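Me: I'd like to go through this model with you and ask what stands behind the terms used for it. Could you take them one at a time?

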Amino acid sequence: MLSRRELLSRCGMGFGSLALGNLLSEPLAASPLTSAGFARSPELSNPLLARTPHSAPRAKHVIHLFMNGGPSHLDTFDPKPALKRYAGQPLPGETPPTERPTGALFDSPFKFRKYGQSGIEVSELFPHVARSIDDIAVIRSMHADVPNHEPSLLLMNCGDARQIRPSLGSWLVYGLGTENQNLPAFVSMCPNGYPIQETQNWQAGFLPGIFEGAYLDTQHEEIEKLIENIRNPRTSMRRQRAQLDLVGKFNRLHSGSGRDEALDSRIQSFELAFRMQTEAAEAFDVSREPQHIRDLYGPGVQARQILIARRLVERGVRFVQVWHGAGQPWDNHDDIGVLHRKLAQECDQAIGALLVDLKQRGLLDETLIVWGGEFGRTPTVELPKKGLNDGKINGRDHNHYGFTTWLAGGGVRGGYVHGATDDFGFRAVENRVHVHDLHATILHLMGFDHERFTYRHAGRDFRLTDVHGRVVRELVA
Amino acid sequence: MRRGIANVCLPLGILSALLGASAYCGSEVKQSEAVDFFERRVRPLLVEHCYECHRGVSAKGSLHLDSLAGLARGGVGGPALNVEERHASRLLSALRYESLEMPPRGKLPPEAIEVVANWANMLDADLISSWSEEPAALSETNSQQPNSPGGHWSLIPPEQPPPPEVKQLAWCRGDIDRFVLHKLESAGLTPAADAAPRDLVRRVTYDAIGLPPPAAQVAAFLADPSDQAYERIVDTLLASPQFGERWARLWLDLARYADTKGYVFQEHRSYKHAWKYRDWVVEAFNRDLPYDKFVVAQLAGEQTPDPPSVAPAAGFLTLGRRFLNNPHDIIDDRIDVITRGLLGMTVACARCHDHKYDPIPTADYYALYGIFASSEEQPHAELPPQLVDRPAPVEPVVFLRGNPGAPGPQVPRRFLTCVAKPAAPAFSHGSGRLELAQAIVDPKNPLTARVWVNRLWERLLGRGIVATTSDFGVRGAPPTHPELLDFLATRFIEQGWSTKKLLREILLSTSYRQATTPASATAQLAGNFDADNTLLWHAHRKRLDLEQFRDSLLAAAGTLDLTLGGAPVALTEASPASRRALYGLIDRQNLPAFFRTFDFANPNTHSAVRARTLSPHQALYLLNSPLVLDAACGLAARSVPPGAPSADPTAESPARIHRLFEFAFGRPPTTEEADAALQFVNAPSESAESVIPARSPWNYGWMRTDPVTERLEFINFPHFNGEQWRPGSEFPHPEFAFAQWTKQGGHPGRPSHPLALRFVSARSGLANISITLRHPHDQGDGVRLRVIAPTGQVLSEVSAHHGEELATAQLEGLIAGKPLDFIVDCRDADAYDTFELFVEVAICDALGKTVMHRSPDDFHGPEAPPLDRWQQLAQSLLMSNEFIFLE
């Protein structure tokens, strides 16, 4: 006997109306996606084949620029003139508890000015990004749950602060597959090592492992170090071709006249892998870009990985996450004036270039860019603490009550500011957007109803947004 | 199955047509949308506001709001839903306080009422009547009172059914077969023939011990494929120590076993002694520890008669993720592992609210929570962390919506109320952990034996009788063969909870022995309505899982190390262990891509079945990974026939091919296969064959001059000591004296033995060469360097003595695979001739892309040599479908 779900799928109920059903959960044998490219074979099929979502998507790809550590919204995209006026004075009313004690209000060391037709203010840290401000929706009213890195990173990536849940990228690849079978579907790049929470940030959770992000350490330039087993150091491609032809012969002799989709699919997967060896090497090789494009992105590892991100989405990769660096680089509890400047200098030109470059290629419309950290920073100065920021009173603590994330491309309303924090930038007060709302909105842009996009696990239908989330319609163009 | 759906879809009213229907069914869309919307939006409201009174046997006004059937039928006051005048329906008017005022405690917010109204708008009379006629099956189980034993099939204790009557009694080797055949005959299907002996022996060996059968064993079975011979094979396999290694892995998946804690902030990452739990599980399977004792040992081993002997078993509970030491999450993880793993119940769903579908109230969750909150962990120097009862047990309270900051009513520590007797007393012995364990393995518990035998069946037959092996609840899949499941479960208990006896009975059944190819008439018929083969009209073709696959590679290469037990080893390092994959280190936080690529069970959470994905990354692994390449070399080496090498190596080729097939597939090649293989190894080599882009272009050796022809010949130095390449291990060398290459330069040999650095590019193009040659000593006569093009032409020559010399050269058409040689000689004497050399070759290809190679940056030790034809052939066998699929 079949389950109701299996049964409906057999009667021509496809993908949209069943919210993907049990695409790959137990029992795997009953994959309902026969209409969307999944073989009916009881065994195996390639779960990365491209599929269509619930409704017409606005965006097909995502580049998530993760400023891990928590960039200060007050020094980048959320100007607060009151900070200058009241600098050195205590925050009126009670100071909300954050990770560490903070003191008086602390003015931004950076100047803001208006950009574009929209006249949105951006600080001097991001002049290149600011040039594309009319393509950007700045959400100044983000809020999360707690002022600590670990839970906030998991919340931002997986929609839950503690438990084992799939990441946004994994959800999207589960739902959409990917357009280029010769490249990983979901790539997470971070130079020199992992961010904190490590691989959990791009975990597949309870989804099949194939939907997990492929981590690349972008301090390396050689393809062998970026993708495991992409090259064979002991056999030439020509001989590999001969080997695969021989394998094909053996397979045909083995299966005789009978056809079986699992056997056939496996043969296809070898052909894909063979092509991947050259295609992937090509995709990650930024030296193939003309000089003027490399100049546009500028020097350094940020420029290289952001340019790689463009090359990947251009080739159909579904989700690319670009982390600023190992650990928590934007976590400037002190010396924020110096350190934030340095960090922004490392990535501003490349992010600005990415926006311009995607637009000139006509790719910005179908690529959603997400910029932000796991939270923002306090308008009050962090008090010095032995062993941490000893003797320094020039940084900001974590702030989950209010911070900024911006979106661009992919159906997003450009030149638009959504919501606001209070006069000092501590709390989101107007049109508040929780991380769950951001996720609901991203899924909406990708063509999914976040309430219907589910996966059956442990007896229950799980969602990225759990029981929360609201699509922020104003952000959609 | 819903009758409403069936009626629409079933022109013939039989299962076959239902399953075969591919036409678009309009009513069904409505049906599914309405049901979906109900479950997603409406039911949560009803749960929160109405269930208190309108649920279960004592529902007020006989109005049951806990099922679609109940809603459709209405209560004593009349129908709740009215399609003709939707807005006048009793349900809506009561919610709006227009007639009755419901809920009496206060009117719902308008949005909530709107949700119900929207849902009511989706309904039509057909839908409602289809629900109201619905038999008890699906919806009624929802209406069970949480505290009364459920009517759901899995909660009714199994009774041993008599094996049914069948027509083809001769087909049946045992009772199991009568259950399977009865279903097939009822559907008008014929089972498949027995699998070919070769396929069968391979299948049963992999299933029982996770390894391929040795060729000799296959041959023996082919010579005598009798039932008695098969039975002997099964008994030998079940008695082998590898049996426990195979079946322990199933358990470790359920137990989310790992050797590390997951993300931690500062503490140690590893569970140093986790492997002792793993070894305990292996050993328990090998000595067939009765399943009830096996379970009790893992839940409350310290309270059993012989605690030290079962102490490692505590790892079942204590080796989970640490969740940054959040106690609520740690306990939640333990509740989940126990309830899904042992009972097939998704109790963790009830952490925040009553289970939406199964009769598991939140109070049950916190009853279990209390047991673990009353237990504490003790570190142990040589074992996994141990669990012991706290001196004073915790009296648990419900956390409202799962929030520990919102304590609700107190609950007793006790077992699930849907299984325990209604008036079962609360646990009173310490934490209650032992009582919990005993309640789980109570022979009257309707779930435990069913869940375990179903897992065993799933492993062997490729699909569970209940397909959702860890969810026996209302939303889980119903059993395909309910009587068989009950037969197996009761028999299992009857036979003393012996896993081996049950496995033996299944392995000996005709059902298990079927071929993967169905009877041809059946294939046509059944393909229409049971494409997924749930009725078992043939065997499911299975693919080797990660452990079987990796072990098989090593077995084919003849390098598999069958040592039992011990600390974990790295499976994916530069020189990976040749132990069985079971012994691989499982690092939760940094699980190597190899594990994910081959569908390893997520070690963070209980895992019911492995995913079965197929991706090009798996193919890349087979094409390029060091493990596969080494296995191919091992397999090729084994294929050389024993005895003195033949004078004509080609005469040996057929015998070698024969041996390759035997080692890889356990069978000789067919004529066609042997011909194809022979053609492959004999095909003439191609000129560009030697170019392998991933290899270093630099080769370290010397340049021999043929005394007769005076031709130069490059010879690699055979010895690398970690820093220097030399002509041999002896230094100074009797023939070469001080000759060596280092990262920075080297020392030339005697005048007749010049050093040579050979550069072989993977790319063609324009080569720009820059050289810096430095001779630091002021004594001796210095050194000379010549750059020789592939044509033999000298491109550049430079000498250095007590100083540094620069040189450049250009070669326009460097061809991939052709060598550029840098020859360094000692001039007239080789004393004081240590030199430093920096060579940069920049190759600009036709696309204008430049690739740089710098000699010191690229300096490297020995690289594994390219695969020869035999090794390539061996790898082709390892990549073929036959190697990885089980017929």
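**Strands, helices and confidence**

Reply: Gladly! Strand 14 (residues 783–788) of chain B and strand 15 (residues 794–800) of chain B run antiparallel and are joined by 6 bridges. This is a predicted model, in which local features need pLDDT of at least 70 and side-chain atom pairs count only at pLDDT 80 or more, while totals for chains, interfaces and linings use all residues. Residues are numbered from 1 along each chain as its sequence is written, and chains are lettered from A and ligands numbered from 1 in the order in which they are written.

Me: What makes strand 14 and strand 15 of chain B a pair?

Reply: Two strands pair if DSSP finds at least two bridges between them. Strand 14 and strand 15 of chain B have 6 bridges, so they meet that definition. Within the pair, Val783(B) stands opposite Ala800(B) of strand 15. The two strands form a hairpin with 5 residues between them, and Gly792(B) in the turn has a positive phi of about 100°. The strands themselves are DSSP runs (E, at least two residues), and helices are runs of H or I of at least four residues, both numbered from the N terminus.

Me: Which sheet of chain B holds these strands, and what makes strand 15 an edge strand?

Reply: The sheet is an open one of 6 strands in the order 7-6-12-17-14-15 (chain B), with antiparallel pairing. Strand 7 (712–716) and strand 15 of chain B are its edge strands, as each pairs on one side only. From one strand to the next the twist averages 25°. Further in, strand 12 (residues 755–760) and strand 17 (residues 819–825) of chain B pair in the antiparallel sense over 6 bridges, with Leu757(B) opposite Phe822(B) of strand 17. As background, strands of a sheet pair through backbone hydrogen bonds, either parallel or antiparallel.

Me: How many strands are in the open sheet of chain A, and what is their order?

Reply: That open sheet has 3 strands, ordered 2-10-11 (chain A), again with antiparallel pairing. Its edge strands are strand 2 (102–105) and strand 11 (396–399) of chain A. The twist there averages 60° from one strand to the next. Strand 10 (residues 376–382) and strand 11 of chain A share 3 bridges in the antiparallel sense, and Arg377(A) has His398(A) of strand 11 as its bridge partner.

Me: Now the helices: why is helix 21 of chain B called oblique to helix 23 of chain B?

Reply: The axes of helix 21 (residues 448–461) and helix 23 (residues 499–508) of chain B come within 11 Å and cross at roughly 40°. That angle makes helix 21 of chain B oblique to helix 23 of chain B. The cut-offs are under 35 degrees for roughly parallel, over 145 for roughly antiparallel, 65 to 115 for roughly perpendicular, and oblique for the rest. Axes are lines fitted to C-alpha atoms, for helices over the stretch in contact, and angles run from 0 to 180 degrees between N-to-C directions.

Me: Which residues of helix 21 and helix 23 of chain B meet?

Reply: Val453(B), Leu456(B), Trp457(B) and Leu460(B) of helix 21 meet Thr499(B), Leu502(B), Leu503(B), Ile506(B) and Leu507(B) of helix 23. Residues are in contact if their C-beta atoms, placed from the backbone, lie within 7 Å. By class, the contact of helix 21 with helix 23 of chain B has 8 nonpolar, 1 polar and no charged residues. Ala, Val, Leu, Ile, Met, Phe, Trp, Tyr, Cys and Pro count as nonpolar, Asp, Glu, Lys and Arg as charged, and the others, Gly among them, as polar.

Me: What sets Trp497(B) apart in its phi, and where does this residue lie?

Reply: Phi of Trp497(B) is near 55°, a positive value in a residue other than glycine. Trp497(B) lies in the loop between helix 22 (482–494) and helix 23 of chain B. Most residues other than glycine have a negative phi, and most peptide bonds are trans. A cis peptide bond joins Met102(B) and Pro103(B), with omega about -10°.

Me: How confident is the predictor in chain B?

Reply: Chain B averages a pLDDT of 88, and 93% of the residues score at least 70; pLDDT is the predictor's confidence in each residue, from 0 to 100. Over residues 1–26 of chain B pLDDT stays under 50. For the complex, the predictor gives an ipTM of 0.78 and a pTM of 0.77.

Definitions and conventions. Two residues are in contact if their C-beta atoms, placed from the backbone, lie within 7 Å.
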